[in-house]
Amino acid sequence: MTLTLPQATFAPDADRPLVTIVIPTFNERDNIAVICGRIAASLDRHPFEVIVVDDDSPDGTSAVVESLAKADSRIRIITRTGRRGLAGACIEGMLAARSELVAVMDADLQHEPATLVPMLDLMASTKCDIVIASRYVDDPDVAAFSSVRQALSNAGNRLVRALLRVQTSDPMSGFFLMRRSILVKAEPRLSRDGFKLLADILVQGGRAMKIEEVPYVFGPRLTGQSKLDERVLFDFAVLLIAKSVFGALPTRFVSFALVGGLGVIVHLALLGLMLYVLNDNFLLSQTAATLGAMTANFFLNNVLTYRDQRIVGIDLLRGLAVFCLSCSCGAFNNILFAHLIYTATGIWWLATGVGILVGAACNYVLSALTVWRRFDKRQDREKQAPEGDAVLSKGGGDVGIAQPPYVSR
Ligand code: GDD
Ligand code: MN
């Protein structure tokens, strides 16, 4: 039996753009029209489309883009509600693209739209997989950076290249052009958090990927503020560790372990302080330092490791109590395993090392199951309820989950 397909009602390739420029935005109301205009002026010879991915910016960026889209059908918008994250926004934009080539650039004009032309030309002439606009081809210093950010950027750059073994001068550039098919393949393994999407794509894309670079000058922001903050830096550290040294570990565990490391610093600082205040009473000082470190760890994990299922309000107290209990269990196992290994081998560093690892794993699993998981389930139930949003918003004073992640940022 032959199947007769209806006459094609669409023109397969004629109205397909050559390239889609994905622009992630958060509070870029005053920049977005300028960048769209500059892209249109630069790409006058190339059929293109712009997809703005806005995380429901409080400044009304979405409304501005909607009116731009009404006037110019080459501009589209995706508004994501209840979510934040630069990498995730770029990925969604690229997945929604209709073209085979996709570019990502910032909205604040720190990336020069005219650079898109040499990027497209290079891609056509070399048939490469990705063209990275690099800040470091000609000049190792970026004029728009403060000296602190320059130092951080250089260190991060060196670290990324060494740990992730990627071959490019600017693996942390936010400005690149690539084949959509490669993004689609890597997408399930890409991290949604943080700013370092390109480094992640380069790692997941593997060594077979053909990379080219064009130089550009990272300019000053047109208006508004950068969203790169401590949390973004923390995400970056987690991504680096999770993807390099311990490729097999979940990023959540790496985040939990990093917070644990910070807890050791808090513990030592508190211990010193309490020993001084309490006239060298070690037992009391050690108890206070332990409680203080656990409390700090609980709050840090709540906003960093479990920010997507963050506990708020009165439930914080219950969460803290359960967290301290699960940590006690971890501490018990830590001592037990260290003792067993020390008795068997007599090697103190091995015993302590294994003890710390077992204790950390125990804390992680227990707190995931008892502290954050409990609230997570409750959130899932509420999401399924008919008036999801109304119920989520702390109805009945019972719900301890923050409104969707990042809203308070
Ligand atoms: N949708 C969405 N969601 N967009 C976001 C978010 C978010 O959570 N956070 C930031 N953006 C958008 C901004 O509105 C801007 O268009 C772009 O992402 C870059 O954000 P900036 O806050 O301007 O970042 P930056 O200038 O400090 O960092 C730039 O340089 C880094 C390397 O030093 C970016 O290009 C980074 O990607 C790059 O890694
Ligand atoms: Mn910027």
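These legends accompany several close-up views of a predicted model.

The model is predicted, so local features need pLDDT of at least 70 and side-chain atom pairs count only at pLDDT 80 or more, while totals for chains, interfaces and linings use all residues. Residues are numbered from 1 along each chain as its sequence is written, chains are lettered from A and ligands numbered from 1 in the order in which they are written, and side-chain values use heavy atoms, with hydrogens and water left out.

View 1. Strands here are DSSP runs of E with at least two residues, helices are runs of H or I with at least four, and both are numbered from the N terminus; two strands pair if DSSP finds at least two bridges between them.

**View 2. Strand β5 and its two partners.** On one side, 3 bridges join β5 (residues 130-134) to β6 (residues 176-179), and these two strands run antiparallel. Here Val131 stands opposite Leu177, and Ile132 stands opposite Phe176. With β7 the pairing is parallel and has 5 bridges; Glu213 is the bridge partner of Ile132 there. Ile130, Ile132 and Ser134 point one way from β5, and Val131 and Ala133 the other way. Because 5 of the 5 residues of β5 are buried, the strand is largely enclosed by the rest of the structure (buried is under 20% relative accessible area, exposed over 50%, partly exposed in between, with a 1.4 Å probe and protein chains only).

**View 3. The manganese ion (ligand 2).** Its protein donors are Asp108 (OD) and Gln110 (OE1), lying 2.0 Å from the ion. Donors are N, O and S atoms within 2.8 Å of the metal (3.2 Å for Na, K and Ca), and since water is not among the atoms, sites may look incomplete. Asp108 counts as buried at 3% relative accessibility, and Gln110 is buried too, at 13%.

**View 4. Helices α10 and α11 crossing.** The axes of α10 (residues 282-305) and α11 (residues 315-345) come within 10 Å and cross at roughly 120°. Residues in the contact include Met294, Asn297 and Phe298 of α10, and Leu316, Gly319 and Phe323 of α11. Asn297 is buried, with a relative accessible area of 14%. Beyond neighbours within four places in sequence, Asn297 is in contact with Val259, Gly260, Gly263 and Phe323.

**View 5. His267 in helix α9 (residues 251-277).** This histidine is buried, with a relative accessible area of 17%. Not counting residues up to four places away in sequence, His267 touches Gln286, Ala289, Thr290 and Ala293. His267 and Gln286 are 19 residues apart in sequence and 8.4 Å apart in space, C-alpha to C-alpha.

Technical notes. Axes fitted to C-alpha atoms, helices over the stretch in contact; angles between N-to-C directions. Contact = heavy atoms within 4.5 Å.
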